[in-house]
2 protein chains.
Amino acid sequence: MATYSITQVSKKYHLPVSTLRYYEDVGLLCDVDRNGKNRIYDQENLDRLDAIVCFKETGMSIAELQNFFRFQDNDDDLDDMVALLAKHCKRVDDQLALLEKNRKHIQRKFKYYSDIRQAKQNHQPMPKWEDYVLTDS
Amino acid sequence: MATYSITQVSKKYHLPVSTLRYYEDVGLLCDVDRNGKNRIYDQENLDRLDAIVCFKETGMSIAELQNFFRFQDNDDDLDDMVALLAKHCKRVDDQLALLEKNRKHIQRKFKYYSDIRQAKQNHQPMPKWEDYVLTDS
DNA sequence: ATATCACCTCAAGTACACTTGAGGTAAAGT
DNA sequence: ACTTTACCTCAAGTGTACTTGAGGTGATAT
């Protein structure tokens with residue numbers, strides 16, 4: 001099975017080498033094999049890294065990730081695991097709703113200022129903020 | 001027109017009083033009126049706070065917000081303003097796409113572990129990870 | 001009268017997630 | 001032989017965004 005050096009993983013995941021070592025320090029990436037002192041990453045490590053990246057991108061903290069993997073590695077904690085995942089699902093849904101709401105406001109502002117610039121260039125009357133209704137695209 | 005004390009604004013926006021003062025310190029909320037030493041927030045201040053909250057929730061840093069308001073308060077910087085907003089629009093779109101992708105992965109994990117728990121309780125065969133295809137809901 | 005409340009300032013402290021730097025090893029290229 | 005490259009450890013430092021604490025003021029309740 002394919003293995004990777006730390007530099008290769010760093011490039012594959014667009015994460016600094018220092019971050020990979022840091023994740024190991026705090027116990028997120030464990031069981032990384034060694035060739036002497038040098039780290040060797042296998043597919044299992046990368047799968048774990050995938051999870052770390054996904055969870056981090058959705059706003060999970062290091063501490064919660066530590067919990068998650070503790071639960072994952074321990075059959076007894078299945079309830080805690082499901083609870084944690086349910087909570088995180090909800091959080092992601094909330095994030096999505098919020099992001100979509102905010103997106104509209106930002107687009108509104110963007111269109112407004114674009115049109116101001118346009119109007120200035122063409123010496124036309126200035127647009128009015130009130131005319132910029134919140135739309136879906 | 002309606003005005004608000006700092007505590008009222010704090011409650012209305014679910015932001016600590018200290019944060020409101022901090023935003024003022026770093027120049028995001030300026031022109032806040034005073035009754036003696038006490039801050040009095042008017043609608044204009046709240047509009048600005050709305051923008052701050054919206055931008056912050058979409059991942060804009062304090063430094064970028066400072067730029068944004070500098071551009072807003074300065075007619076010359078219209079190009080910079082439009083550029084900043086365009087950039088931020090794109091960032092929000094990227095966030096949305098990423099969030100939707102990650103959402104699927106997290107839901108997949110959630111379903112998988114929920115079903116494991118279910119199966120354990122009912123002494124049924126364990127589900128297989130491969131069977132949990134990525135879906136849209 | 002006094003005490004409690006709601007506010008104030010300003011400097012220092014905190015939490016989180018890394019990043020940097022000093023000093024070192026071990027193998028490969030010239 | 002030597003130097004460049006690719007790693008390593010471990011402690012200390014950094015950036016961001018606040019938060020806390022000490023010490024104080026001025027109006028309202030008892």
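The following dialogue examines how selected terms apply to this predicted model.

Reader: Why is Phe55(A) called buried?

Author: A residue is buried when its relative accessible area is under 20%. Phe55(A) has a relative accessible area of 1%, and it is therefore called buried. Phe55(A) belongs to helix α3 of chain A, residues 43-57.

Reader: Which residues are in contact with Phe55(A), leaving aside its neighbours within four places in sequence?

Author: They are Met60(A), Leu65(A), Phe68(A), Leu85(A) and His88(A), together with Ile106(B) and Lys109(B). Contact here requires heavy atoms within 4.5 Å. For Phe55(A) and Phe68(A), the C-alpha atoms are 9.9 Å apart, and 13 residues separate the two in sequence.

Reader: What makes His123(A) count as exposed?

Author: Exposed means over 50% relative accessible area. His123(A) has 74% relative accessibility, so it counts as exposed. This residue, His123(A), is found in the segment after α5 (78-121) of chain A. Its phi is positive, about 50°, although His123(A) is not a glycine.

Reader: Is His14(B) buried or exposed, and how do you know?

Author: His14(B) has a relative accessible area of 71%. The cut-off for exposed is over 50%, and His14(B) is therefore exposed. The loop between α1 and α2 of chain B holds His14(B). Phi of His14(B) is near 50°, a positive value in a residue other than glycine.

Reader: Why does Asp42(A) count as partly exposed?

Author: Buried means under 20% and exposed means over 50%, with partly exposed in between. Asp42(A) has 27% relative accessibility, and so it counts as partly exposed. Asp42(A) is located in the loop between β2 and α3 of chain A.

Reader: What makes the pair formed by Asp42(A) and Asn45(A) a polar contact?

Author: A polar contact needs a pair of N or O atoms within 3.5 Å. A polar atom of the Asp42(A) side chain lies 2.9 Å from the backbone nitrogen of Asn45(A). Leaving aside neighbours within four places in sequence, Asp42(A) is in contact with Ala2(A) and Thr3(A). Between Asp42(A) and Ile116(A), 74 residues apart along the chain, the C-alpha separation is 55 Å.

Reader: Which residues touch the most other members of the largest nonpolar core?

Author: The core has 73 residues, and Leu49(A), Tyr41(B) and Leu49(B) touch the most other members. Among the residues in contact with Leu49(B), leaving aside neighbours within four places in sequence, are Val9(B), Tyr13(B), Leu15(B) and Leu20(B). As a general matter, nonpolar side chains tend to be buried together in soluble globular proteins.

Reader: How do you know which residues come nearest to DNA strand D?

Author: A residue is near a strand if one of its heavy atoms lies within 4 Å of it. There are 16 residues around DNA strand D, and Thr7(A), Arg21(A), Arg39(A), Thr19(B) and Lys56(B) come nearest. Of the atoms of DNA strand D that come within 4 Å of the protein, sugar and phosphate account for 85%.

Reader: What polar side-chain atoms lie by a phosphate oxygen of DNA strand D?

Author: One belongs to Ser5(A), at 3.0 Å, and another to Thr19(B), at 2.4 Å. For Tyr23(B), an N or O atom of the side chain is 3.1 Å from a phosphate oxygen of DNA strand D. Each of these values can be set against the 3.5 Å limit for a polar contact. Two or more residues of the surface near DNA strand D are given by each of α1 (6-13) and β2 (38-40) of chain A and α2 (17-25) of chain B. The largest share, four residues, comes from α2(B).

Reader: Which residues are closest to DNA strand C?

Author: Among the 16 residues that surround DNA strand C, the closest are Thr19(A), Lys56(A), Thr7(B), Arg21(B) and Arg39(B). A side-chain N or O atom of Arg21(B) is 2.3 Å from a phosphate oxygen of DNA strand C. The corresponding distance is 3.1 Å for Lys56(A) and 3.1 Å for Tyr23(A). The largest share of the surface near DNA strand C, four residues, comes from α2(A). By class, the residues of this surface are five nonpolar, six polar and five charged.

Note on methods: Residues numbered from 1 in each chain as written. Chains lettered and ligands numbered in written order. Predicted model: local features only at pLDDT ≥ 70, side-chain atom pairs only at ≥ 80, totals over all residues. Heavy atoms only, no water. Polar contact = N/O pair within 3.5 Å; in protein donor to acceptor, adjacent residues only side chain to side chain. Nonpolar A, V, L, I, M, F, W, Y, C, P; charged D, E, K, R; others polar. Core = buried A, V, L, I, M, F, W, Y, C linked by side-chain atoms within 4.5 Å. Buried < 20%, exposed > 50% of the residue type's maximum accessible area, 1.4 Å probe, protein only.
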